[in-house]
Amino acid sequence: MVRMVVAALVGVVVAAVLVAGGGARAQLMEGFYEHSCPQAEKIVKDYVKKHIPHAPSVAATLLRTHFHDCFVRVRASVVLSSSSCVPARRARGRVVADADGGQCASVYLQGCDASVLLNATGGNEAERDAAPNLTLRSFGFIDRIKALVEKECPGVVSCADILALSARDSVGVIGGPFWSVPTGRRDGTVSMKQEALDQIPAPTMNFTDLLQSFRNKSLDLPDLVWLSGAHTIGIAHCNSFTERLYNFTGRGGPEDADPSLDPAYAANLRRTKCKTPTDNTTIVEMDPGSFLTFDLGYYRGVLKRRGLFQSDAALITDATAKADILSVVNGPPEVFFQVFARSMVRMGAIEVKTGSEGEIRKHCALVNKH
């Protein structure tokens with residue numbers, strides 16, 4: 001019953017996204033493949049339900065892959081000869097004329113377009129080769145689903161939609177929230193390592209930088225707070241936060257720990273997990289004790305100053321963000337589920353390609369040959 005109520009509430013958000021988004025967003029719709037590939041969503045869900053129970057940690061990497069995909073390649077316009085320019089967000093990456101008759105050039109826009117799944121080509125490294133993506137383990141999982149869908153409906157269902165659907169379904173399998181996924185995304189044809197490095201929020205960011213990163217994608221402060229909640233099923237390698245344990249100011253040594261990290265927790269991490277400053281293989285749970293359960297444990301840890309990343313700690317340096325966390329942390333998990341679902345719907349609509357834009361890849365790791 002709770003899941004039905006949450007789904008209904010998120011449905012209102014979906015409708016708002018479809019109507020208010022304009023452009024490509026307006027072309028996303030629930031049941032997009034109802035006639036062209038009616039079994040598509042069932043194929044995705046059935047595969048996820050079969051395999052995630054045997055490898056529940058994959059839910060986190062699918063969710064992270066979807067997030068990293070959506071956050072790359074939303075750019076601003078470049079004015080060639082004009083006093084004003086239509087923003088690239090609305091120009092959709094084409095050269096357009098402004099009100100003064102001048103020309104505005106904008107870089108091609110890509111949000112949730114499965115560009116993170118593409119292999120490097122011609123000696124050019126792709127998004128998946130960037131440091132934030134080197135620990136993603138979902139590529140083979142998505143490839144196997146894509147093969148099943150292609151067998152059913154060749155050339156119809158995009159890798160971008162398969163990624164969005166599998167992320168949602170995997171979270172549901174481990175007991176997390178359900179959200180509506182409007183479909184109709186098309187796949188991008190460009191993937192650049194540097195863009196992933198430049199645009200995926202870093203674990204060392206402070207609150208100001210984090211919020212700006214989200215606002216660059218038309219997301220807001222609540223989206224930052226609730227999407228960070230995905231860390232409840234997250235894991236991290238020591239090298240992503242080791243400076244907080246050993247070298248926060250540059251002096252070096254255990255006494256040079258980040259003062260915003262609970263000292264007892266930091267000592268425990270140094271003793272039992274990240275035993276040296278150079279450890280780049282040990283994995284640490286971001287929500288110790290329940291990292292396979294989608295719950296409120298992550299937020300409780302952040303409030304106790306036990307978030308692994310500086311970006312986790314940053315959430316309670318802003319009064320509004322901290323108040324949002326406090327508003328849900330002692331309540332039923334369904335409240336968190338609802339706001340997380342709302343933000344996932346918004347994130348999944350970031351500058352998508354639809355209609356005739358992009359392509360429907362035959363293989364998620366490769367651009368089609370034309």
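Lys 146 is buried, with a relative accessibility of 2%; buried here stands for under 20% relative accessible area, exposed for over 50%, and partly exposed for what lies in between (1.4 Å probe, protein chains only). Its salt-bridge partner is Glu 150, with the closest N and O atoms 2.9 Å apart, where a salt bridge is a side-chain nitrogen of Lys or Arg within 4 Å of a carboxyl oxygen of Asp or Glu. Helices (H or I, at least four residues) and strands (E, at least two) are DSSP runs, numbered from the N terminus.

The model is a predicted one, in which local features need pLDDT of at least 70 and side-chain atom pairs count only at pLDDT 80 or more, while totals for chains, interfaces and linings use all residues. Residues are numbered from 1 along each chain as its sequence is written, and side-chain values use heavy atoms, with hydrogens and water left out. The protein chain has a mean pLDDT (the predictor's confidence in each residue, from 0 to 100) of 87, and 83% of its residues reach 70 or more. Over residues 12-26, however, pLDDT is below 50, and over residues 86-102 it stays under 50. Where pLDDT is low, the predicted coordinates should not be read in detail.

In all, the structure holds 13 salt bridges. One of them joins Glu 125 and Lys 193 at 3.2 Å, N to O. This pair links distant parts of the chain, with Glu 125 in the loop between strand E3 and H5 and Lys 193 in helix H7, 68 residues apart. Both side chains belong to partly exposed residues: Glu 125 has 45% relative accessibility and Lys 193 has 25%. Arg 244 and Asp 258 form another bridge, at 2.8 Å between the closest N and O atoms, and both residues are buried.

His 68 is found in helix H3 (residues 58-70) and is buried, at 6% relative accessibility. Beyond neighbours within four places in sequence, His 68 is in contact (heavy atoms within 4.5 Å) with Pro 132, Asn 133, Leu 136 and Ile 200. Of the 13 residues of H3, 12 are buried, so the helix is largely enclosed by the rest of the structure. Its cover includes helices H5, H6, H8 and H15.
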